[in-house]
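Reader: I am new to this one and would like to go through it slowly. Could you show me the structure before I start asking?

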Protein chains: 2
Amino acid sequence: MRDNYRENLESVVADLVGMSEAVQVAVRQATQALLEADLSLAEAVISGDSAIDKMHDELEARCFSLLARQAPVAGELRTVVAALRMVADLARMGDLAAHVAKIARLRFPERAVPEGLVPNFTLMARVAEEMVATAGRSLRERNAHDAGRLADSDEEMDELRKSQFRVILGQDWPYTVEAAVDVALLGRYYERIADHAVIMAARVIYVITGLLPEGENWPVA
Amino acid sequence: MRDNYRENLESVVADLVGMSEAVQVAVRQATQALLEADLSLAEAVISGDSAIDKMHDELEARCFSLLARQAPVAGELRTVVAALRMVADLARMGDLAAHVAKIARLRFPERAVPEGLVPNFTLMARVAEEMVATAGRSLRERNAHDAGRLADSDEEMDELRKSQFRVILGQDWPYTVEAAVDVALLGRYYERIADHAVIMAARVIYVITGLLPEGENWPVA
């Protein structure tokens with residue numbers, strides 16, 4: 001009975017890792033759609049978000065059933081509760097990737113990101129995608145050390161966002177108000193993807209060690 | 001033993017209602033700080049967010065302890081799981097109110113919102129604040145009907161946001177790029193407060209009826 005419980009819980013965790021891979025692909029494709037003004041890819045990310053939402057619903061139902069079926073022991077309870085949170089974080093990252101794709105679609109056939117900010121967004125998107133990958137991998141490998149390093153990537157993300165603001169709010173912004181607004185919102189979406197990756201990593205650490213990262217409260221989604 | 005369990009659960013719900021009231025105040029004060037360029041009020045909202053985060057941590061710990069202590073029966077389990085989610089939604093709404101206050105602080109002594117958009121933001125903030133109040137009240141009164149009506153307010157919010165975009169992206173935007181960017185981000189923050197209120201209301205309905213609102217998946221934070 002308990003072995004069976006543990007097996008079910010491990011299959012939930014494995015599927016969470018799979019979901020993180022689907023989210024990583026969504027972030028990568030949304031970025032490609034954005035930077036190459038690729039309408040069909042943008043549409044694919046937007047319609048593909050319902051598959052990620054389905055994973056969320058299905059995994060959530062399995063967590064509820066694990067909570068209801070049998071009082072889990074301490075480590076199991078911690079894992080189920082953390083899984084419930086991670087599945088919500090991942091679904092939200094999927095939504096944010098779809099938001100990026102929607103701006104790409106809205107501006108098609110133009111590219112929403114002006115030439116001068118393409119390098120910044122290329123870097124920002126790469127950091128975000130790697131953060132999602134690291135969060136998923138650290139869960140798969142139960143690697144608290146890797147999970148803990150995500151805070152550094154998050155600082156890099158903050159720097160990139162600040163640099164965007166310097167460009168769009170500079171005296172010599174050569175593009176439209178519309179482009180500035182798009183850049184501000186797109187930057188916000190990538191920043192939030194990164195935030196959710198950090199939160200997910202904190203939950204990975206919690207599952208492994210039972211502790212929150214030193215000096216931190218449990219971060220809020 | 002079970003009576004004690006139920007009492008503890010009801011005290012968690014009562015404190016969630018209290019937390020929703022604190023969030024409502026934060027939204028109202030952040031708006032006032034924003035529209036009146038009131039620096040000390042902005043500072044108060046920003047530093048006051050840690051009190052909301054503390055409520056989050058404390059309520060979350062009580063939910064974990066309820067999950068761990070004794071296998072709850074179906075309705076109780078539903079309530080504990082929903083409470084865990086609601087407490088995260090409320091903490092996030094508090095963060096968003098602090099984000100609004102931070103923009104107010106950043107632009108002080110100027111007002112971040114240009115004259116022409118003050119009526120729009122006044123309305124938007126009122127809708128957001130009422131949505132938080134309705135979500136909290138429907139939880140206190142176990143009123144699924146009121147909770148269900150929040151979807152209408154959310155449509156009003158969407159309309160207000162669209163109208164903002166029409167103004168800032170219109171040919172005759174008379175203000176700076178900076179003001180347009182502030183408006184776009186502020187609009188996003190209020191919209192997200194409203195989203196979280198709708199998600200919270202869906203959870204209230206779930207606690208009362210055991211069902212998600214008709215034709216909807218469980219919304220994601």
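This is a predicted model: local features need pLDDT of at least 70, side-chain atom pairs count only at pLDDT 80 or more; totals for chains, interfaces and linings use all residues.

Reader: Which side chains meet A:Glu60 in a salt bridge?

Author: The side chain of B:Arg85 does, with a nitrogen-to-oxygen distance of 2.4 Å.

Reader: And which helices of chain A supply the side that touches chain B?

Author: At least two residues each come from helix 2 (39–69), helix 3 (74–107), helix 6 (150–168) and helix 7 (177–209) of chain A, and helix 3 gives the most to that side, with 11 residues.

Reader: What does that side look like by class?

Author: The side of chain A that touches chain B has 24 nonpolar residues, along with three polar and 10 charged ones.

Reader: How many residues does the contact take from each chain, and what area is buried?

Author: The contact takes 37 residues from chain A and 37 residues from chain B, while the area buried between the two chains is about 3200 Å², with carbon and sulfur atoms giving 66% of that area.

Reader: Changing topic, where does B:Asp146 lie, and is it buried or exposed?

Author: B:Asp146 lies in helix 5 of chain B, which covers residues 144–148, and it counts as buried because its relative accessible area is 14%, under the 20% cut-off.

Reader: What is B:Asp146 in contact with, leaving aside its neighbours within four places in sequence?

Author: With those neighbours left aside, B:Asp146 is in contact with B:Thr134, B:Arg137 and B:Ser138.

How values were computed: Residues are numbered from 1 along each chain as its sequence is written. Chains are lettered from A and ligands numbered from 1 in the order in which they are written. Side-chain values use heavy atoms; hydrogens and water are left out. Contact means heavy atoms within 4.5 Å. Buried area is the accessible area (1.4 Å probe) that two parts lose on being put together, summed over both. A salt bridge is a side-chain nitrogen of Lys or Arg within 4 Å of a carboxyl oxygen of Asp or Glu. Helices (H or I, at least four residues) and strands (E, at least two) are DSSP runs, numbered from the N terminus. Ala, Val, Leu, Ile, Met, Phe, Trp, Tyr, Cys and Pro count as nonpolar, Asp, Glu, Lys and Arg as charged, and the others, Gly among them, as polar. Buried means under 20% relative accessible area, exposed over 50%, partly exposed in between (1.4 Å probe, protein chains only).
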